Amino acid sequence: MAEKKKGGSVVNAVWSLAEPIVTSLGLTLWDIRYQKEGANRYLRIIIDKDGGVGIDDCVAVNDALDAPLDELDPISEPYNLQVCSAGIERELIRDFHFEKYIGAKIILKLRSAYNGVKLHKAVLGGYADGAVTAVFSDGSEHTFEKNEITSVKLDDFDGCF
């Protein structure tokens with residue numbers, strides 16, 4: 001959840017390098033993930049901007065990061081670099097994600113059932129120290145500690161879940 005960093009020190013090193021570059025391109029660095037999937041490793045740079053990210057934004061970030069990443073050389077094994085959009089129904093992970101979207105509709109997935117269900121639609125009523133306050137459609141609210149939560153995503157459209 002909040003400030004979760006998949007890939008640990010690699011993510012921290014790449015974040016320090018990438019954030020000013022991404023910002024200079026008029027974008028927001030949403031998240032970085034360094035993950036192993038099967039035999040392959042992936043460094044995913046996830047970007048965002050008001051109005052949405054297009055393929056040209058992804059290409060610009062990829063091109064701008066290519067040489068600095070080679071120079072920094074934070075990963076000793078071969079990996080695939082992927083630059084992508086945070087997308088709709090983006091997952092809220094870092095503190096600034098939650099702070100930005102207080103008042104927004106969310107889909108909250110819990111480890112254990114609350115009121116008989118694990119998946120809730122709500123409004124993000126507050127966020128502090130990793131705890132998420134959800135306001136439900138009946139006006140009730142409940143604060144969930146980060147260890148109770150599997151994921152929090154924006155509910156960008158009224159689709160089913």
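Predicted model: local features only at pLDDT ≥ 70, side-chain atom pairs only at ≥ 80, totals over all residues.
Trainee: How many helices and strands does the chain have?

Mentor: The chain has 3 helices and 8 strands. Along the sequence they follow the pattern α-β-β-α-β-α-β-β-β-β-β. The C-alpha trace spans about 55 × 30 × 30 Å along its principal axes.

Trainee: What span is expected for helix 1, and what does it reach?

Mentor: The expected span of a helix is 1.5 Å times one less than its number of residues. Helix 1 (residues 9-24) has 16 residues and reaches 24 Å from its first C-alpha to its last, close to the expected 22 Å.

Trainee: Where does the kink in helix 1 lie?

Mentor: The bend at a residue is the angle between two axes, one fitted to the seven residues ending there and one to the seven starting there. Helix 1 has a kink of about 35 degrees at Ala18, shortly before the proline Pro20.

Trainee: Which residues of helix 1 are buried?

Mentor: Buried means under 20% relative accessible area, exposed means over 50%, and partly exposed lies in between (1.4 Å probe, protein chains only). An α-helix has 3.6 residues a turn, so residues three or four places apart point the same way. The buried residues of helix 1 include Val11, Val14, Trp15, Ala18 and Val22. Contact means heavy atoms within 4.5 Å. The buried residues of helix 1 pack against strand 1 (28-37), strand 2, helix 2 and helix 3 (95-100). Across the chain, buried residues make up 39% of the 161 residues.

Trainee: Which residues of helix 2 are buried, and where is its kink?

Mentor: In helix 2, Asp57, Cys58, Val61, Leu65 and Leu69 are buried. They pack against helix 1, strand 2 and strand 3. The kink, of about 35 degrees, lies at Asp66, shortly before the proline Pro68.

Trainee: What follows helix 2?

Mentor: Asp73 follows helix 2, in the loop between helix 2 and strand 3. Asp73 has a positive phi of about 50 degrees although it is not a glycine. Asp73 counts as exposed because its relative accessibility is 53%.

Trainee: How do strand 2 and strand 3 run?

Mentor: Two strands pair if DSSP finds at least two bridges between them. Strand 2 (residues 40-48) and strand 3 (residues 80-85) run parallel, joined by 6 bridges. In this pair Arg44 stands opposite Gln82 in strand 3. A crossover is right-handed if, with the strands pointing away from the viewer, the path from the first strand over the helix to the second runs clockwise. Here the chain crosses from strand 2 through helix 2 (residues 55-72) to strand 3, and this β-α-β crossover is right-handed.

Trainee: How many bridges join strand 1 to strand 2?

Mentor: Strand 1 and strand 2 run antiparallel and are joined by 9 bridges. Arg33 stands opposite Arg44 in strand 2. In their hairpin, which has 2 residues between the strands, Gly38 takes a positive phi near 65 degrees.

Trainee: What order do the strands of the open sheet have?

Mentor: The open sheet has 5 strands in the order 7-6-5-4-8, with antiparallel pairing. Strand 7 (141-144) and strand 8 (149-154) stand at the edges, each with a single partner strand, so one side of each has no neighbour in the sheet. Strand 4 (residues 105-114) and strand 5 pair over 6 bridges, with Ile106 opposite Ala122 in strand 5. Strand 6 and strand 7 pair over 4 bridges, and Ala134 has His142 in strand 7 as its bridge partner.

Trainee: Where is Asp129 found, and is it buried or exposed?

Mentor: Asp129 is found in the loop between strand 5 (117-128) and strand 6 (131-135). Asp129 is exposed, with a relative accessible area of 76%.

Terms used
Residues numbered from 1 in each chain as written. Heavy atoms only, no water.
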